[in-house]
Amino acid sequence: MATFHFVEDYERFVAELVRTHPIDTAMSLAVGGSFEEVGAIECEILIHAGLRPGQAVVDLGCGSGRLAVALSRAVDISYFGLDVVPALLDYARTKTPKSYKFVLNRALTLPIEARSVDMLCAFSVFTHLLQAESYLYLEEAHRCLRPGGRVVMSFLEFALPQHWRIFAQTVSTQRASSAPHLNQFIERNQIDVWAERLGYDSVAFIDGPAAPWPSGQALGQSVAILIKAA
Ligand SMILES: C[S@@+](CC[C@H](N)C(=O)[O-])C[C@H]1O[C@@H](n2cnc3c(N)ncnc32)[C@H](O)[C@@H]1O
């Protein structure tokens with residue numbers, strides 16, 4: 001079975017945060033910080049992308065539940081979160097309703113029935129995976145989605161000056177000869193090609209700094225919405 005390539009790195013990172021910070025701070029930092037604010041923005045993005053009450057949502061790379069907490073306050077859905085770090089999943093369980101399911105999954109396949117999901121999201125996940133890994137997850141997502149279902153994925157792209165700063169930092173770390181955290185950029189034309197190859201019907205993009213939803217708060221990363229044909 002194919003497996004994720006740097007689980008140990010993430011586990012070490014989370015363990016160090018837990019050792020050096022109060023638990024809520026550690027669990028927020030482990031997913032990039034601003035737990036409440038970013039969770040609320042991610043939730044708004046899903047609603048903007050078409051999420052409706054009663055739908056089944058898969059949160060790939062759910063982390064410590066930043067999005068799950070916001071979703072549980074905003075919309076009545078069936079929720080399934082997947083991640084590679086048990087400590088993050090344990091924390092997420094304590095912050096969300098009992099009906100929310102969290103499962104450890106370190107495979108490049110998804111433990112989900114075909115055509116059973118309305119929306120699969122991956123926020124700040126493909127930014128840390130190799131491109132072939134992201135492609136495999138998008139292939140799996142297509143299998144799991146119902147007709148008309150959607151993938152909502154965030155990504156970093158070279159065209160945006162805000163994202164270039166992240167690349168510049170990565171280059172500095174590399175120059176100092178310490179292995180940087182993987183920050184994988186994905187260009188829109190790649191996502192278009194992947195979507196076409198995998199049989200998605202269409203793709204829509206939202207710029208990182210744009211926020212066409214009610215709060216007007218931007219996520220920072222760009223967002224792609226891939227739609228499976230109805
Ligand atoms: C930057 S955090 C974002 C967490 C969450 N999506 C959010 O926005 O709050 C990235 C998460 O992806 C998880 N992750 C990394 N690789 C993964 C994989 N192959 N499958 C599932 N989760 C993964 C990490 O453990 C981490 O929790």
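Helices and strands are taken here as DSSP runs, numbered from the N terminus. On that basis Y100 falls in the loop between α5 and β3. The model is predicted.

**Nonpolar core**
- The largest nonpolar core has 66 residues, and V58, M119, L120 and V152 touch the most other members.
- Helix α3 (residues 35-48) supplies the largest share of this core, with seven residues.
- In soluble globular proteins, nonpolar side chains tend to be buried together.
- V152 has contacts with I45, L46, A49, M119, C121, V223 and I225, when neighbours within four places in sequence are left aside.

**Helix α3**
- α3 is mostly covered, with ten of its 14 residues buried.
- The buried residues of α3 are F35, V38, G39, A40, I41, E42, C43, E44, I45 and L46.
- These buried residues pack against α2, α4, β4 (117-122), β5 (145-155) and β7 (222-228).
- The 14 residues of α3 should span 20 Å at 1.5 Å a residue, and the end C-alpha atoms are 20 Å apart, which agrees.

**Helix α4**
- R66, L67, A68, V69, A70 and L71 are buried in α4.
- The buried residues of α4 pack against α3, β1 (56-60), β2 and α5.

**Helix α5**
- In α5 (residues 86-95), the buried residues are L88, L89, Y91 and A92.
- Viewed down the axis of α5, these buried residues fall within an arc of 160 degrees, so they line one face of the helix.
- P86 and T94 are exposed on the other side of α5.
- Packing partners of the buried residues of α5 are α1 (7-20), α2 (23-29), α4 (66-74), β2 (78-83) and β3 (101-104).

**Ligand shell**
- The ligand is surrounded by 21 residues, of which G61, G63, R66, F123 and S124 are the closest.
- α4 and β2 are the elements that give two or more residues to this shell.
- By class, the shell holds 13 nonpolar, five polar and three charged residues.
- R66, one of the closest residues to the ligand, is also among the buried residues of α4.

**Residues in strands**
- A224 lies in strand β7 and is buried, with 24 other C-beta atoms within 10 Å.
- A224 is in contact with M153, F155, I191, V203 and F205, leaving aside neighbours within four places in sequence.
- A224 and R188 are 36 residues apart in sequence, and their C-alpha atoms are 8.4 Å apart in space.
- G148 belongs to strand β5 and counts as exposed, because it has 12 C-beta neighbours inside 10 Å and the limit for exposed is 12 or fewer.
- K228 and A230 are in contact with G148, leaving aside its neighbours within four places in sequence.
- G148 and Y200 are 52 residues apart along the chain, with their C-alpha atoms separated by 9.6 Å.

**Residues in loops**
- Y100, in the loop between α5 and β3, counts as buried, with 22 C-beta neighbours inside 10 Å.
- Not counting residues up to four places away in sequence, Y100 touches A68, S72, Y79 and G81.
- Y100 is 20 residues from F80 in sequence, and the two are 6.2 Å apart in space, C-alpha to C-alpha.
- Most residues other than glycine have a negative phi.
- S34 is not a glycine, yet has a positive phi of about 45 degrees; S34 is found in the loop between α2 and α3.
- S34 counts as partly exposed, with 14 C-beta neighbours inside 10 Å.
- R115, in the loop between β3 and β4, has a positive phi of about 55 degrees although it is not a glycine.
- R115 counts as exposed, with 12 C-beta neighbours inside 10 Å.

Definitions and conventions: Residues are numbered from 1 along each chain as its sequence is written. This is a predicted model: local features need pLDDT of at least 70, side-chain atom pairs count only at pLDDT 80 or more; totals for chains, interfaces and linings use all residues. A residue is buried if 20 or more other C-beta atoms lie within 10 Å of its own, exposed if 12 or fewer, and partly exposed in between; C-beta atoms are placed from the backbone. Helices (H or I, at least four residues) and strands (E, at least two) are DSSP runs, numbered from the N terminus. The arc is that of the directions from the helix axis to the C-beta atoms. Two residues are in contact if their C-beta atoms, placed from the backbone, lie within 7 Å. A residue is near a molecule or strand if its C-beta atom, placed from the backbone, lies within 6 Å of it. Ala, Val, Leu, Ile, Met, Phe, Trp, Tyr, Cys and Pro count as nonpolar, Asp, Glu, Lys and Arg as charged, and the others, Gly among them, as polar. A nonpolar core is a set of buried Ala, Val, Leu, Ile, Met, Phe, Trp, Tyr and Cys residues joined through C-beta atoms within 7 Å. The expected span of a helix is 1.5 Å times one less than its number of residues.
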